[in-house]
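This report goes through the structure shown below, beginning with a single helix and ending with the nonpolar cores.

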Amino acid sequence: MCIHLRQLAVFLFGRLVGYLLFAAIVWSIGASIPRSWVARSWIFGGIQLLLAAALLVYAAGWPHRRRAISDPSARLVQIGNPLRPRTSGALSLGFLTGINLCPPFLVAGVRAAQLGSLSVALLFFVFFFAGTAIWFVPFLSLGFVRRSPAFVTVARVTAVLLACWYGFTGVSILLEKVVYG
Amino acid sequence: MASRSSAISHPPAFRSVARSVLLTLPMALWSLLMFTPSFLQSRREQVIGAGIVIVFMTTLFFFMMRTGSTYRWRRYFFVALGFLFPVGFIAALVVERGTMSIPIERMVSGDTPFCFMVIPMIIVPAALTRTLIFPGSILPTASNPHSMAVMIGLWLALSLVVGKAWCSYVCFFGGIEEGFAAVARRPKLRRLDPRLRLFPWAMLLFIVALSAALFEPVYCTWFCPFKTVTEYAAVRSVETAIQMGIFITLFAALVIVLPLLTKKRTQCAFFCPFGAFQSLFNKINLFEIRFDREKCVDCTLCRSVCPTVALSAESIREGKTLLNCMKCGACVDSCKKSAAVWHLKGTRIAFRPERARLLFLYGTWAMATMFGGSILANSIATVVHFLPWK
């Protein structure tokens, strides 16, 4: 039990590191963009469109079709083996799941890129981490939903709807820029 | 395949008149109790409206008892509710404001009448930040009696009792499309992809996530087809013009054209996110419809008459409906082998189904009288008020 808790803590630590690293990178990219809204509107309009495209890619199931992510290397994920607990495995798995570019993560990344300071962006992702690590614990057992075609269809349609929304807002921002300068 | 109207048969004399009257008596008393305040008012229109509704609701319940069928009589009420609700609502708006649109100033002051459709969207922001993202008032005010607290309390209590039957006995929007669905004798569009019934769940996830992210009730602002016949933000910009275009398009497609072509409640079955959310109450609700597999001959008549595509071959094989069943009773009334039955959870299948139906109907019809009946009475009073010979 104690070993499992330690492995879980290492896994979560790796995940948090992944989150913070991602927050720092996206915020730096956001901060490197000129401050004036006139210039930023092109960038953020474009980002919204890229986000929409990414969501459509997820909706099409492209990442999972190309690589059997649901069946990763056993050596990497043996974090719960009571005979040979692997700290490095737990750490790397936590880190890799931390930087996994799932749709909510991308949306949070866009938000972080627009925040005023690095500390706020990091804090935002700390709370995002807390949300995914603690708030969703009751939902961990729902991993089986991945095997249900109905759940997968609902998730994909939701991704398409969100893609339409972000596509619309991206185009609106760009059109506003074109019309009003 | 027989059309729905011809498929749903009604036993002419399920019960004797005396027994039916006796069973209707509690509902008649309930109706009188509900509308007593209207009789104490001095406005003649209110008295007329209340009187008509008491007679209407009691008569329909009597026929439910007398014939043993549910769907047909419920539909009369539900369609009347759907078509009369906008009449009373729009008239009140026009009298008060001179327009159906609500100006931003009224929203800021919390004067937007609360609609149950917004409930799934306000939960996450309220839980995380204690912020209510709907521009209404929590408690009743002089200018807005339809407060959020009252409406949410009513909805929760009624949903626990009747589950998703809310969508076929209370929702004042569903009746419009049910009315259009009843027009054609036969469906012109028969083949509907069963995966379409998953779309409301995707819509629910979409609007809940987006409402939490944007802190606004996204469905109401952008996607509610029924804004066309209720109220909407005043069109003062390109954005609000686009919103209005979306409302009208969705209303025309999902509430008028597709129900006419398919004889299904297409907005409820394939779009409404609140309906998907309400389905969850079917899990904890006592009443359901089940199939007696010993009697079922897999004729699929129940599937063809179900207005919300809440039956599949697999679910019937398992003797159940799908989660999105609205308990309208169409399948039970259409089943020639009496295999589809009303059922009380915890009892064995086909154990006194009529008793289960009665228990369900007493609760549901009382709710329909209280909620929909008052809307009907108000709308009838409005119509009477504007009658030219009055």
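## Helix α2 of chain B

In this predicted model, the buried residues of α2(B) are B:Ser20, B:Thr24, B:Met27, B:Trp30, B:Ser31, B:Met34, B:Phe35 and B:Ser38. Among the elements of chain B that cover them are α3 (44-67) and α19 (353-386).

At B:Thr24, one of the buried residues, α2(B) bends by about 35°. A proline, B:Pro26, follows this position within four residues.

## Helix α12 of chain B

Helix α12 of chain B covers residues 238-262, 25 residues in total. From its first C-alpha to its last it reaches 34 Å, close to the 36 Å expected at 1.5 Å a residue. Just after the helix, B:Lys263 has a positive phi of about 60°.

Which residues of α12(B) are buried? They are B:Gln243, B:Phe247, B:Phe251, B:Leu254, B:Val255, B:Ile256, B:Leu258, B:Pro259 and B:Thr262. Their packing partners, in chain B, are the helices α9 (174-181), α11 (218-223) and α13 (266-270), together with the strand β2 (232-233).

## Chain B as a whole

Chain B contains 19 helices and 4 strands. Its C-alpha atoms occupy a box of roughly 60 × 50 × 40 Å along the principal axes. The radius of gyration is 21 Å, which agrees with the value near 21 Å for a compact globule because that is what the rule gives for 390 residues.

Of the 390 residues in chain B, 48% are buried. Among contacts in chain B with a separation of 6 or more, 75% are between residues 24 or more positions apart.

## B:Gly363 in helix α19

B:Gly363 lies in helix α19 of chain B, an element that helps cover the buried residues of α2(B). Is B:Gly363 buried, partly exposed or exposed? B:Gly363 counts as partly exposed because 17 C-beta neighbours fall inside 10 Å, and the buried class requires 20 or more.

The C-alpha atoms of B:Gly363 and B:Thr24 are separated by 13 Å, although the two residues are 339 residues apart along the chain. With neighbours within four places in sequence left aside, B:Gly363 is in contact with B:Val161 and B:Val162.

## Contact between the chains

How many residues of chain B are in contact with chain A? On the chain B side there are 10 residues, and they are in contact with 9 residues of chain A. The chain B side has 9 nonpolar residues, 1 charged residue and no polar residues.

In soluble globular proteins, nonpolar side chains tend to be buried together. Here the largest nonpolar core has 128 residues, and the members touching the most other members are B:Ala202, B:Phe206, B:Ile207, B:Cys331 and B:Ala340. Helix α19(B) contributes the largest share of this core, with 12 residues. A second, separate core has 10 residues, including A:Tyr19, A:Phe22, A:Ala23 and A:Ala108.

For B:Ile207, the contacts beyond four places in sequence are B:Met121, B:Val218, B:Tyr219 and B:Pro273.

Definitions and conventions: Residues are numbered from 1 along each chain as its sequence is written. Chains are lettered from A and ligands numbered from 1 in the order in which they are written. This is a predicted model: local features need pLDDT of at least 70, side-chain atom pairs count only at pLDDT 80 or more; totals for chains, interfaces and linings use all residues. The bend at a residue is the angle between axes fitted to the seven residues ending there and the seven starting there. Helices (H or I, at least four residues) and strands (E, at least two) are DSSP runs, numbered from the N terminus. A residue is buried if 20 or more other C-beta atoms lie within 10 Å of its own, exposed if 12 or fewer, and partly exposed in between; C-beta atoms are placed from the backbone. Two residues are in contact if their C-beta atoms, placed from the backbone, lie within 7 Å. The expected span of a helix is 1.5 Å times one less than its number of residues. The radius of gyration is taken over C-alpha atoms; the globule rule is 2.2 Å times the number of residues to the power 0.38. Ala, Val, Leu, Ile, Met, Phe, Trp, Tyr, Cys and Pro count as nonpolar, Asp, Glu, Lys and Arg as charged, and the others, Gly among them, as polar. A nonpolar core is a set of buried Ala, Val, Leu, Ile, Met, Phe, Trp, Tyr and Cys residues joined through C-beta atoms within 7 Å.
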